[in-house]
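Please take me through this model by question and answer, beginning with the strands and ending with the charged pairs.

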Amino acid sequence: KGYRLIMPNAFTPNADGINDFFGPQYIGLKNLELRVYDTWGSLIYSESGDTIRGWNGKIKGEEAENGNYYYIFIAQSVFDEVVEQKGAFVYIK
């Protein structure tokens with residue numbers, strides 16, 4: 001495939017330096033795009049570029065509620081293949 005991609009199924013943004021951002025772990029991908037949606041389908045976070053940091057668990061500067069969220073991640077492999085992964089994850093305070 002020319003790449004590796006791991007998306008977490010939960011994260012805990014509590015400033016302890018572990019799992020503070022929701023985002024992919026990857027090798028061999030470029031042109032990354034991450035979108036995060038709440039349970040009602042509203043886009044609450046979007047980031048794109050060749051490197052991304054990930055969602056910090058805040059919506060308009062306020063901490064989000066515990067619960068389930070949904071993501072869409074799109075990128076290109078080194079062979080210019082489009083890679084798309086979608087799924088749910090849990091925000092745990």
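The turns below treat the sheet, then the salt bridges.

Reader: Before the details, what kind of model is this, and how are residues numbered?

Author: Residues are numbered from 1 along each chain as its sequence is written, and side-chain values use heavy atoms, leaving out hydrogens and water. Local features need pLDDT of at least 70 and side-chain atom pairs count only at pLDDT 80 or more, whereas totals for chains, interfaces and linings use all residues, for this is a predicted model.

Reader: In what order do the five strands of the open sheet lie?

Author: Strands are DSSP runs of E with at least two residues, numbered from the N terminus, and two of them pair if DSSP finds at least two bridges between them. The edge strands are β2 (10-11) and β5, each of which pairs on one side only. With mixed pairing, the order of the open sheet is β2-β9-β8-β4-β5.

Reader: Which residue of β9 is the bridge partner of F11?

Author: Strands β2 and β9 run parallel and are joined by two bridges. The partner of F11 in β9 is Y91.

Reader: In the hairpin of β4 and β5, which residue takes a positive phi?

Author: This hairpin has five residues between its strands. The residue with a positive phi, near 90 degrees, is G41.

Reader: How many salt bridges does a search of the whole structure find?

Author: A salt bridge here is a side-chain nitrogen of Lys or Arg within 4 Å of a carboxyl oxygen of Asp or Glu. One of them joins R35 and E33 at 2.9 Å, N to O, and another joins E84 and K86 at 3.3 Å. The search of the whole structure finds three.

Reader: How far apart in sequence are the parts that K30 and D80 tie together?

Author: The side chains of K30 and D80 meet in a salt bridge at 3.0 Å, N to O. Because K30 lies in strand β4 and D80 in the loop between β8 and β9 (82-91), the pair ties together parts whose separation in sequence is 50 residues.

Reader: Is D80 buried, exposed or partly exposed?

Author: Buried means under 20% relative accessible area and exposed over 50%, with partly exposed in between (1.4 Å probe, protein chains only). K30 has a relative accessible area of 31% and is partly exposed. D80, at 47% relative accessibility, counts as partly exposed.

Definitions and conventions: Helix = DSSP H or I, 4+ residues; strand = E, 2+ residues; numbered from the N terminus.
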